[in-house]
Amino acid sequence: MSAIHAVASDHKMVWRGGDFTKDDIAFDLTARHAAALEDVLSRTRAKKLVDIVPADCRHPALDVDLEKVFDEIQEGRGIVIVRGIPVANHSVDDVGRLFWALGAHFGRGVSQSALGDVLGHVRDETPPGGEESARGYTSRRELSLHCDLAQIVGLMCVRQARAGGESQYAAGLAVHNEIAATRPDLLPVLYRGFPYHRRGEEAADQPCVTPYEIPVFSVRGGQMSVFMVREIFNAAFRELQRAFTREEIEAIDLFRATAQRLQFETRLEPGEATFLNNYAVMHARSEFEDWDEPEQKRLMLRLWLDAERKQRPVVREIHIYENKDGRSGIDYQPGRTRPGADYRAPDEVVRQLVAAE
């Protein structure tokens with residue numbers, strides 16, 4: 001376990017939801033930027049998405065300004081909302097390519113599931129009358145504040161839901177400082193962390209539960225990172241038939257309550273995309289009510305990106321899937337699928353295993 005770390009209160013990534021507005025963290029694309037993206041689209045349309053590399057997406061009208069956005073993601077607040085991505089007159093495939101071109105200025109896309117998909121379609125795929133998948137991005141349920149499995153996460157709105165689907169964000173460093181000030185006795189639990197379930201998307205030679213614990217707070221190279229996905233470590237506890245201690249429950253609940261209290265909430269509209277420093281800023285989503293018409297249903301696109309420069313140093317354990325070559329994300333696994341409802345492990349199910357005092 002890392003020693004308890006002191007994070008300066010004036011650190012740019014120590015922020016509260018009331019510290020800024022959506023306009024304050026927005027980067028608005030100009031007509032010149034949009035035209036440059038259209039030019040990149042025309043130059044790369046013949047390529048498969050996975051074959052479009054960062055060099056293909058460079059453009060003199062984009063490079064300098066997007067470098068500033070990248071700096072804000074990696075060294076500023078850790079969150080930027082890019083607005084004005086042209087979506088109205090494009091197919092979903094072309095919109096995805098425009099989004100990929102933006103993301104390529106920040107890093108390389110990595111696989112988001114055992115299927116090998118590098119551009120996630122965030123939408124409700126629950127079959128009529130069926131149960132929701134364990135992968136929250138294919139459901140309509142509320143998703144609590146959590147981290148994904150890459151250095152930078154991009155989420156772009158193509159179509160919004162009829163109601164709900166608001167986005168929430170919280171600064172992990174601010175949550176750490178708040179707990180350090182109010183309940184420092186619980187920090188050792190969060191620095192130690194929890195085992196995580198790989199939910200059937202692991203390589204054939206890997207165990208289904210990590211053989212090590214992933215810390216919620218960790219420090220490497222003098223920088224603190226946060227990592228929290230409650231349902232996945234819930235699933236690990238259930239798999240292992242391991243009981244939570246009451247101290248662990250108290251620490252988890254305090255973390256969640258503190259993050260919610262400090263969160264920033266907004267609603268992404270079509271043509272808007274959030275880019276996050278994933279190991280500094282957590283994200284969440286409220287439950288949504290979708291449209292009846294298939295062509296109107298809520299659709300967001302997601303990128304998981306590995307930065308190739310100005311990388312945030314993180315402890316090895318954060319890479320849950322131990323991918324080849326140290327990649328983030330979830331490597332393609334032939335014959336595997338995304339985890340179904342049987343891997344879901346909400347709190348009310350798992351907490352029956354609380355250890356007796």
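Buried denotes a relative accessible area under 20%, exposed over 50%, and partly exposed the range in between, with a 1.4 Å probe and protein chains only. The views below show a predicted model, in which local features need pLDDT of at least 70 and side-chain atom pairs count only at pLDDT 80 or more, whereas totals for chains, interfaces and linings use all residues. Residues are numbered from 1 along each chain as its sequence is written, and side-chain values use heavy atoms, with hydrogens and water left out.

**View 1. Cysteines C57 and C147.** C147 is buried, with a relative accessible area of 2%. C57 is likewise buried, at 1%. Zero disulfides (pairs of cysteine sulfur atoms within 2.5 Å) are found when the whole structure is searched.

**View 2. Packing of helices α4 and α7.** Helices (H or I, at least four residues) and strands (E, at least two) are DSSP runs, numbered from the N terminus. Helix α4 covers residues 172-182 and helix α7 residues 246-262; their axes lie 9 Å apart at an angle of about 120°. Axes are lines fitted to C-alpha atoms, for helices over the stretch in contact, and angles run from 0 to 180 degrees between N-to-C directions. Angles under 35 degrees count as roughly parallel, over 145 as roughly antiparallel, 65 to 115 as roughly perpendicular and the rest as oblique; α4 and α7 are therefore oblique to each other. On the α4 side, A174, V175, E178 and I179 meet L254, F255, T258, A259, R261 and L262 of α7, where contact means heavy atoms within 4.5 Å. These residues divide into seven nonpolar, one polar and two charged. In this scheme Ala, Val, Leu, Ile, Met, Phe, Trp, Tyr, Cys and Pro count as nonpolar, Asp, Glu, Lys and Arg as charged, and the others, Gly among them, as polar.

View 3. Most residues other than glycine have a negative phi. R199, although not a glycine, has a positive phi of about 55°. R199 is placed in the loop between α5 (187-192) and β9 (217-220) and is buried, with a relative accessible area of 9%. K310, also not a glycine, has a positive phi of about 50°. The loop between β15 (299-306) and α8 (347-350) holds K310, which is partly exposed at 36%.

**View 4. Surroundings of V209.** V209 is found in the loop between α5 and β9 and is buried, with a relative accessible area of 8%. Not counting residues up to four places away in sequence, V209 touches P195, Y196, H197, R198, A236, E239 and L240. From V209 to F70, the C-alpha to C-alpha distance is 34 Å, and the two are 139 residues apart in sequence.
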